[in-house]
Amino acid sequence: MSDLRVDAAGIQFQNPILLASGTAAFGRALAGVVDLDALGGIVTKAVSLEPRGGNAAPRVAEFTGGMLNAVGLANPGVEAVRRDDLPWLAATLKRARTVVNVVGNRTEDFAEVVRQLDGCANISAFELNVSCPNVRAGGIEFCADSASLTAVVSGARAVTRRAIFVKLSPVLPDIAEAASTAAAAGADGITVINTMPGLVIDVGTRRPRIGFGSGGASGPGLLPIGVLATHRVRQAVSLPIIGVGGVASALDALQYVIAGASLVAVGTANMRDPRAAERIVRDLARWCDMNGVTAIQDLVGTLEWPA
Ligand SMILES: Cc1cc2nc3c(=O)[nH]c(=O)nc-3n(C[C@H](O)[C@H](O)[C@H](O)COP(=O)(O)O)c2cc1C
């Protein structure tokens, strides 16, 4: 049997497959349907300082290449997550890891959320969602400005010894440079990619199909964009990478691994079929067995670029 274990940022994962942030909430709703403990781990919904109600319905719209969402980072806020959700995850997951996704309106919000959660049992890592707007900088994304990115990452670094992954947007002009900035500010890993801004129009009404207007595109159309981002980040930094975007099968996940991702997160596919991630773990093991790969870690970053 092939060895699916991976080491990333000093953490051992039993396999590389995670549930992507925002597509499995805090795991509870999936518990009766999916064996969460069969996965590498779960990345939680974004946690903010204050509760967020989210955007107007409808919040999602389908299109051929995937899905557009403007959920609006709805979450119960750090206090409720610390009290209700993280203890449930700690009691439920014995082998799968918990990664807590963190969001903020202002630079200092990220460190404050991390500080308030740092004492919770069983958090393996934080993932900073820096692809959200910085309200003090006129709504420009934190990761689009290197001074803000540095401030967010170094602020969080100062309040935790746990691993910090920094999640970047696919629309950055130079995603590798942003990854280098995050690394220099103390990140332990990089997650690529978040959703891609998009608009789906109802032709009959001439109105956007989702209540907020624009949203973030996810699903199969993101696969080659995320795989290229992974390859670029791999070349720029030596930190472990979580690859995410468009993964619906073991072969999709393997593309990320070969491009340089140690871990692969499944989002939209998991919303369509909650058992997708579990199936991908099984299919990965089968593929490795059939292809003489004794340890999946040996495949990470083995892309052969054309000469
Ligand atoms: C409904 C929904 C909610 C999401 N919420 C978050 C979030 O709270 N924080 C975050 O960093 N990314 C969030 N994402 C982005 C996903 O984690 C992932 O980066 C993106 O969807 C691409 O992966 P996929 O194509 O497998 O869905 C969300 C995506 C969707 C579809």
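Sorted by class, the shell around the ligand holds 9 nonpolar, 14 polar and 2 charged residues, where Ala, Val, Leu, Ile, Met, Phe, Trp, Tyr, Cys and Pro count as nonpolar, Asp, Glu, Lys and Arg as charged, and the others, Gly among them, as polar. Please keep in mind that this is a predicted model, in which local features need pLDDT of at least 70 and side-chain atom pairs count only at pLDDT 80 or more, while totals for chains, interfaces and linings use all residues. Residues are numbered from 1 along each chain as its sequence is written, and side-chain values use heavy atoms, with hydrogens and water left out.

The ligand is surrounded by 25 residues, of which the closest are Ser-21, Lys-167, Gly-219, Gly-246 and Thr-268; a residue is near the ligand if one of its heavy atoms lies within 4 Å of it. A polar backbone atom of Gly-219 is 2.8 Å from an oxygen atom of the ligand, a polar side-chain atom of Asn-101 lies 3.0 Å from a ligand oxygen, and for an N or O atom in the side chain of Lys-45 the distance to an oxygen atom of the ligand is 3.1 Å.

Turning to the helices, the axes of α3 (residues 146-157) and α4 (residues 175-184) come within 8 Å and cross at roughly 35°, the axes being lines fitted to C-alpha atoms over the stretch in contact, with angles running from 0 to 180 degrees between N-to-C directions. Their contact, meaning heavy atoms within 4.5 Å, involves Ser-146, Leu-149, Thr-150 and Val-153 of α3 together with Ala-178, Thr-181 and Ala-182 of α4.

Notes. A polar contact is a pair of N or O atoms within 3.5 Å; within protein, one must be able to donate a hydrogen and the other to accept it, and residues adjacent in sequence count only if both atoms are side-chain atoms. Helices (H or I, at least four residues) and strands (E, at least two) are DSSP runs, numbered from the N terminus.
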